[in-house]
Amino acid sequence: MKYLLLICGEGDGFGDATPEELDATAWVEETTRRGVRLLGNRIHPAEDATTVRVKDGAPLITDGPYAETKEQICGFDVIDCADLDEAIEIAAKHPVARFGMVEVRPFWTEE
Amino acid sequence: MAAVIALTGDWDLAEECAQDAFARALERWPADGVPRSPGAWLTTTARNRALDRVRRAANERRKLREVAVLAPVEAPTEPPDDGAVPDDRLRLIFTCCHPALPLPSRVALTLRTLTGLSTAQIARAFLVPEGTMGQRLTRAKSKIRHAGIPFRVPPRDQLPERTSAVLAVLYLLFNAGYAPTATERPEAAEQDPTSPGGQARTGPITPHATPPASGPDAPTGPNPTAPAGPRTHDRTDGTYGTNGTDADSGREQRRVAAEAIRLARLLVALLPDEPEARGLLALMLLHEARAAARTDAAGDLVPLDEQDRTAWDRDLIAEGLSMVEDALLARRPGPYQIQAAIAACHAGAATADATDWRQIALLYRELARMAPSPVVELNRAVAVSMAEGPAAALPLVDALAAGGELAGYHLLPATRADLLRRLGDRTGAAAAYREAIALAPTPAERRFLGRRLAEVGGTAAGRDR
């Protein structure tokens, strides 16, 4: 099964965590080597976001994220694994899970 | 049902096929006779039905891959017996109790899939509309499917963290089956505040306080006032009744209790290093041992200190006592072990007067430390009153009343009334009895409290002054 991992922080950052503590390089290497991680990347914060809607046939462009939330998505990964338990195990190993949170979302599949 | 889920991974299909199997049994058994192993017959029939359905679906939708996977299990097999191999029902319990599901769903799903309770009955037990409960179950099943929650017993390294939720659910199942009638819960009965000479509240503080499932997956904790979770079973207003007569529902509930004990035994076998599993099994056995003495000929509940102790099941008590000792040897005490130890104090007392209340009071203090709850504190107050006298217990009860957490809980004023009565304060006792009567959920309890009120010279209308 494929899952999207949303790597999130709360508010502005990750408390007292140092850049070394948040470094996911080892995690990326390990999960890629296992063949579990398909792709992923860090993403820029919500202040750099652009929101696009189409109203009456014309694109409506707004600055910023579509929703103001306390949680900030700062990265994502797509993993392919056996089941939710394995997805949880992988998410729990992500360094950001100790300072922020990782949301695990299953891919939609046609039944 | 568990067997079909194991086979197909499809919960809705499993439910339908299980129903089909029962329907066919009703058709066939009267004519052909009941098979030698009815459970195996039902399982095989349900499995075959599921295979038919999946095969047909495969033809229709070209899901050949699934058929290939299913082929090896086509031959009818006996369901695995209890033993070293965890059975499908245990797998089912671990899946139903997966921490990725909301706690109320875990409990509801386990009841729905592992007992004969209908959605309507579970809804009544949780005091929610049937539609709401139906949606909760549907959402839970669809999350299992969509999120890929595995149908299996977790690997050994994950077992401990998954166990506490399973223990809580098993205890709930046991309590559902433990009630001697459809309308009363066990502790409401044996904690009867109206028993002569003081309270005979027994160990377990459930159902008002759920067994404390520690860990991140049990956010609500053992707080009887928390909104969600098994504790909503506690109010015994008669809505828990099952279909048919009392005898029918009684039989069904005995089956649930037996199933809970069976699953607890299996859990003990699977988790030999988990003393809380042993503690829970011991607790169940020590309660089960009193089953025959718990109701009188009329079906009314008999308070613990009035029970005929010769009717207690000595074998179950012996097994329960040795199970507690085994568990405590691990030197990792937990709430179930403590509750089992309290039950052991009662079970080991030859007469009610021989009960070691001092020990019970200490155990409640330990339980309150591990799993703070106002109901535990109330039970501790009762034990203190028995060990040291009512004057020592009154401040504890007054503090609880001041705390307000047990507002609306009839056993609080009932306990207070009893302490005041024993201290000779008839007016205060009468007022507290009236308060308790107004809150008591069952007619039997109101009757008993009414007799107590009369004994201290009061009347229900409060014209005693």
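Chain A contains three helices and six strands. Helices (H or I, at least four residues) and strands (E, at least two) are DSSP runs, numbered from the N terminus. The model is predicted: local features need pLDDT of at least 70, side-chain atom pairs count only at pLDDT 80 or more, and totals for chains, interfaces and linings use all residues. Residues are numbered from 1 along each chain as its sequence is written, chains are lettered from A and ligands numbered from 1 in the order in which they are written, and side-chain values use heavy atoms, with hydrogens and water left out.

Along the sequence, the elements of chain A run β-α-α-β-β-β-β-α-β. Chain A has 111 residues, and 31% of them are buried. Buried means under 20% relative accessible area, exposed over 50%, and partly exposed in between (1.4 Å probe, protein chains only). Contacts (heavy atoms within 4.5 Å) were then sorted by sequence separation. In chain A, 76% of the contacts between residues at least 6 apart join residues at least 24 apart. Accessible areas come from the Shrake-Rupley method with a 1.4 Å probe; for residues, only the protein chains shown count as cover.

Two sites in chain A were examined. D48(A) sits in the loop between β2 (37-42) and β3 (50-55). Its relative accessibility is 48%, so D48(A) counts as partly exposed. P65(A) is 17 residues from D48(A) along the chain, and their C-alpha atoms are separated by 8.3 Å. I61(A) belongs to strand β4 (residues 58-63). I61(A) counts as exposed because its relative accessibility is 52%. Leaving aside residues up to four places away in sequence, I61(A) touches T50(A), T51(A) and V52(A). The C-alpha atoms of I61(A) and T51(A) are 5.8 Å apart, and the two residues are ten apart in sequence.

Chain B has 20 helices and zero strands. Of its 465 residues, 57% count as buried. Among contacts in chain B with a separation of 6 or more, 67% come from residues 24 or more positions apart. Chain B exposes about 19,300 Å², and carbon and sulfur atoms supply 53% of that area.

Helix α14 (residues 335-347) of chain B packs against two helices. Axes are lines fitted to C-alpha atoms, for helices over the stretch in contact, and angles run from 0 to 180 degrees between N-to-C directions. The axes of α12(B) (residues 275-288) and α14(B) come within 8 Å and cross at roughly 30°. α12(B) is therefore roughly parallel to α14(B). Angles under 35 degrees count as roughly parallel, over 145 as roughly antiparallel, 65 to 115 as roughly perpendicular and the rest as oblique. Residues in this contact include L280(B), L283(B) and L286(B) of α12(B), and A340(B), A343(B) and A344(B) of α14(B). The contact residues divide into eleven nonpolar, four polar and one charged. Here Ala, Val, Leu, Ile, Met, Phe, Trp, Tyr, Cys and Pro count as nonpolar, Asp, Glu, Lys and Arg as charged, and the others, Gly among them, as polar.

On α15(B) (residues 357-370), the axis comes within 10 Å of that of α14(B), at a crossing angle of roughly 165°. The two helices are therefore roughly antiparallel. Among the residues that meet are I338(B), I342(B) and C345(B) in α14(B), and I360(B), L363(B) and L367(B) in α15(B). This contact comprises eleven nonpolar residues, three polar and one charged.
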